[in-house]
Amino acid sequence: MNRKIISVINQKGGVGKTTTVINLAAGLTMKGKKILVIDLDPQGNATTGLGLSNTTDSDQTIYNVLNGNKEISEVIQSTSFENLDLISSNVDLSGLEVETAGDSRRAFKLKDELVAILNNSGLSYDYIIIDCPPSLSLLTVMALVASDALVVPLQTEFFALEGLTQLIKTIERIKANLNPSLDIRGILLTMYDKRNKLSGEVEAEARNYFKDKVYTTAIPRNVRLSEAPSHGVPVLIYDSACPGSKAYFNFTEEFLNQDSPVESAA
Ligand SMILES: Nc1ncnc2c1ncn2[C@@H]1O[C@H](COP(=O)(O)OP(=O)(O)OP(=O)(O)O)[C@@H](O)[C@H]1O
Ligand SMILES: [Mg+2]
């Protein structure tokens with residue numbers, strides 16, 4: 001089974017999606033994997049967080065692929081990190097929904113393009129990781145249609161689980177209509193504060209409800225994680241010994257272990 005295309009998704013804003021994309025990608029390259037990150041958010045935070053520009057002078061963006069102006073192979077950029085490539089984004093992407101309104105197959109456009117990458121033997125990525133915007137818009141639907149599996153960051157705060165109910169309904173709808181093999185790979189607790197009783201309560205509730213879908217590793221609230229993006233580097237490189245880095249490294253190992261039965265059988 002091919003579980004290569006992973007979206008990091010939650011329609012709630014500021015829960016740690018981009019931080020997770022950047023550091024999972026970095027962690028996987030440190031484990032010898034070849035990674036392509038796709039920034040599917042007009043905010044372009046994964047782009048800048050990996051040291052590239054999100055200004056509108058570049059036409060090497062996912063927007064130009066999704067509107068049919070460019071081939072996907074033309075917009076892949078190298079980052080300064082080994083084995084880590086990026087398709088960047090900028091604010092132009094926010095126009096896509098209106099501009100493609102007449103195209104009935106538009107929900108499949110990202111999927112079709114990614115199948116083309118995976119069929120191109122010159123581009124042998126182990127994982128393609130998609131950073132989703134904080135909405136349930138066309139862009140999110142495109143990601144859900146294109147993905148094999150989802151990682152859902154869940155900020156350990158009040159109302160976190162309420163937002164998840166809405167996301168799960170959307171996932172079920174996409175599964176039923178557009179992508180039957182879509183699966184939640186795991187839920188990652190983020191911004192965990194062990195001094196705050198609420199963090200523990202949200203954790204207990206999430207583990208009780210979603211059982212082993214919740215990763216054992218929880219990402220702590222750690223200021224180093226919020227400093228790293230302004231330097232354009234993953235925290236795993238910015239400060240590899242800080243608690244945030246250790247947690248993202250543990251999460252990367254858990255993530256890889258989910259695939260190891262497949263690897264050892266191959
Ligand atoms: N574990 C953490 N500890 C401290 N700060 C964090 C942590 N995770 C993320 N942050 C910071 O919180 C903010 C939101 O994180 P991030 O950008 O990863 O969330 P997001 O879900 O991608 O947001 P958006 O929905 O806007 O795309 C950022 O400033 C980030 O640096
Ligand atoms: Mg983000």
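This is a predicted model: local features need pLDDT of at least 70, side-chain atom pairs count only at pLDDT 80 or more; totals for chains, interfaces and linings use all residues.
1. A polar contact, as the term is used in this note, is a pair of N or O atoms within 3.5 Å.

2. A polar backbone atom of Gly16 is 3.0 Å from an oxygen atom of the ligand, while a backbone N or O atom of Pro220 lies 2.8 Å from a nitrogen atom of ligand 1. On its own, ligand 1 has 620 Å² of accessible area, and the protein covers 81% of that area.

3. Which residues come nearest to ligand 1? There are 18 residues around the ligand, and those that come nearest are Lys17, Thr18, Thr19, Pro220 and Asn222. The space that ligand 1 takes up is the largest pocket.

4. In terms of secondary structure, at least two residues of the shell around ligand 1 are supplied by each of helix H1 (17–30), strand E8 (214–220) and helix H10 (223–227). Helix H1 gives the most to this shell, with three residues.

5. Glu254 is placed in helix H12, which spans residues 243–257. Is Glu254 buried or exposed? Its relative accessibility is 18%, and because the cut-off for a buried residue is under 20%, Glu254 counts as buried. Leaving out residues up to four places away in sequence, Glu254 touches Tyr215, Thr216 and Thr217. Two of these contacts can be described in polar terms: the side chain of Glu254 reaches the backbone nitrogen of Thr216 at 3.0 Å, and a polar contact of 2.6 Å joins the side chains of Glu254 and Thr217. A separate C-alpha to C-alpha comparison puts Glu254 and Lys33 15 Å apart in space, although they are 221 residues apart in sequence.

6. Gln11 sits in the loop between strand E1 (5–8) and helix H1, and with a relative accessible area of 13% it is buried. Where does the side chain of Gln11 find its polar partners? A polar atom of that side chain lies 2.9 Å from the backbone oxygen of Gly163, and the side chain also makes a polar contact of 3.3 Å with the side chain of Gln166. With neighbours within four places in sequence set aside, the residues in contact with Gln11 are Pro134, Ser135, Leu136, Gly163, Gln166 and Leu167.

7. Ser7 belongs to strand E1, and at 0% relative accessibility this residue counts as buried. The side chains of Ser7 and Ser147 are joined by a polar contact of 2.7 Å. Apart from residues up to four places away in sequence, Ser7 touches Ile130, Cys132, Ala143, Ser147, Ala149, Leu150 and Val151.

8. Helix H7 (residues 138–146) deserves a comment of its own. Eight of its nine residues are buried, so the helix is largely enclosed by the rest of the structure. The buried residues of H7 are Leu138, Leu139, Thr140, Met142, Ala143, Leu144, Val145 and Ala146; one of them, Ala143, is also among the residues that Ser7 touches.

Terms used:
Residues are numbered from 1 along each chain as its sequence is written. Chains are lettered from A and ligands numbered from 1 in the order in which they are written. Side-chain values use heavy atoms; hydrogens and water are left out. Helices (H or I, at least four residues) and strands (E, at least two) are DSSP runs, numbered from the N terminus. Buried means under 20% relative accessible area, exposed over 50%, partly exposed in between (1.4 Å probe, protein chains only). Contact means heavy atoms within 4.5 Å. A polar contact is a pair of N or O atoms within 3.5 Å; within protein, one must be able to donate a hydrogen and the other to accept it, and residues adjacent in sequence count only if both atoms are side-chain atoms. A residue is near a molecule or strand if one of its heavy atoms lies within 4 Å of it. Accessible areas come from the Shrake-Rupley method with a 1.4 Å probe; for residues, only the protein chains shown count as cover. On a 1 Å grid over the protein atoms alone, a cavity is a set of points where a 1.4 Å probe fits but cannot get out, and a pocket is an open set with protein on both sides within 12 Å along at least five of seven lines; lining residues have an atom within 4 Å of a point. A molecule sits in a cavity or pocket if more than half of its atoms lie within 2 Å of its grid points.
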